[in-house]
Amino acid sequence: EEMQKALTAYDQERFLLNSLMDSTPDQIYFKDQTGSYLRVSNSMINALGLGSPADIINHNDYELFGEDAGEAAYQELEYLLQQGEPKEDVLESVSEDGQTSYWNQVTHIPLFTEGDQPYGVLGIQRDITNLKTAENIAQQRAQQVRTAAEIARDTSGTLDLSELLQKSVNLVRERYGFYHASVFLLDSIGEYAVLQESTGEAGARMKGAGHRLAVGSQSIVGQTTATGAALVVNDVRLDPTYYPNPLLPETLSEAAIPLKVGDRILGALDVQSRRANAFGDEDISILQILADQVAVAVTNANLFTRTQEQISKHRMLHQITSAASSSETVQEALNKAVQGLSLALGNQRIGLFVARVDGLLEMRYHAGYVELDEAPLTVKVGEGVVGQAAAERRPILVVDTQAEPMYVPIDP
């Protein structure tokens, strides 16, 4: 009866051990004190690409994996048996072609007989590649968010648009490790996305050449500035519509992120990478946050610049009116006013028409019209923009003279 109970218990233990070794996803193995494998789990046989347990049982690491791996494994076994203490949850990375291919969490437990004689070692390896990858991605995302906050802080400290954009593209390239970064802003009529700042020698050359892309064109920046949505090409070699920039031959993936304030599109942030599939959804989300911050900073810088220009113009106009009011004659006052106004408006052409007794309007005072010094220019009341303004006694603004039928050319 005792023999039968012992055999039954043995069978049960054997069944449980076999079930564990056959079904566990962890790689479990037993070695004797010489380093030869006594028993391994099916998962380890599959991971090593072996056909059956016979391919590994009674073999050691020297025979299976070579001199270097065998010596390292034997030294580890000797250490464990001497110390008599397990080494738990040790992280080991396995590299191929210089890149980490997978991660293992390894536990080694020394085994001794009832007489405390060294017997061997139990090893348990758990593949934690997915967990490690998720951890690395989480750390990368956290770093990207911190970087976005740092860039926002660094760029918000200036109201000079050129300095602001230069800081932005350089920080984006350096902190995120991109191959190239550029900022495009729309022109005054929204027809072209004009390169404002760009990194590296290629960026300097493109900026010097006045590089611009038509809004709505086939380019990535052209599509983004037309639709207001981010556009990503994760492998430019597979996109038949992609036009490579000869100044940036190493680009393998590119993303354009719109610069928007509300529904208003200001331009685009363009980033390029030497790696294919460099931009995931999370990357685009973080870059969009960064682009929104840059867009707000651009708006603030533009508002500050326009305010300063208006203050400068009002200051100049005050000086003009002061100089005109101190003149001894009306003619001198009007001439000073016209010349000063032209200077205040950036050397624009200014003309002051005076009504004559014959009913015509004569440009008597002007600035910027070189060819009008010999023969005075006259227009009829109600004729052209000037005559219409006089007839209707109201200001008239013409934003495009070529599209205005009542415009009479004064200067080609």
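**Pockets and aromatic contacts**

The lining of the second largest pocket comprises 14 nonpolar, five polar and five charged residues (nonpolar: Ala, Val, Leu, Ile, Met, Phe, Trp, Tyr, Cys and Pro; charged: Asp, Glu, Lys and Arg; polar: the others, Gly among them). The model is predicted: local features need pLDDT of at least 70, side-chain atom pairs count only at pLDDT 80 or more, and totals for chains, interfaces and linings use all residues. Residues are numbered from 1 along each chain as its sequence is written, and side-chain values use heavy atoms, without hydrogens and water.

The second largest pocket holds about 590 Å³ of space. A pocket is an open set of points on a 1 Å grid over the protein atoms alone where a 1.4 Å probe fits, with protein on both sides within 12 Å along at least five of seven lines; lining residues have an atom within 4 Å of a point. Volume is the space filled by probe spheres set on the points, which are joined across faces, edges and corners. Of its 24 lining residues, Y29, D61, F65, E92 and Q125 are closest to the centre.

Aromatic pairs number three (ring centres of Phe, Tyr and Trp, its six-membered ring, within 6.5 Å; planes under 30 degrees apart stacked, over 60 edge-to-face, the rest tilted). Y29 and Y37 pair edge-to-face, at 5.6 Å centre to centre and 70° between the planes. Both Y29 and Y37 are buried (under 20% relative accessible area; exposed over 50%, partly exposed in between; 1.4 Å probe, protein chains only). F178 and F279 form a tilted pair, at 5.5 Å and 35°. F178 and F279 are also buried. Ring pairs join Y176, F178 and F279 into a cluster.
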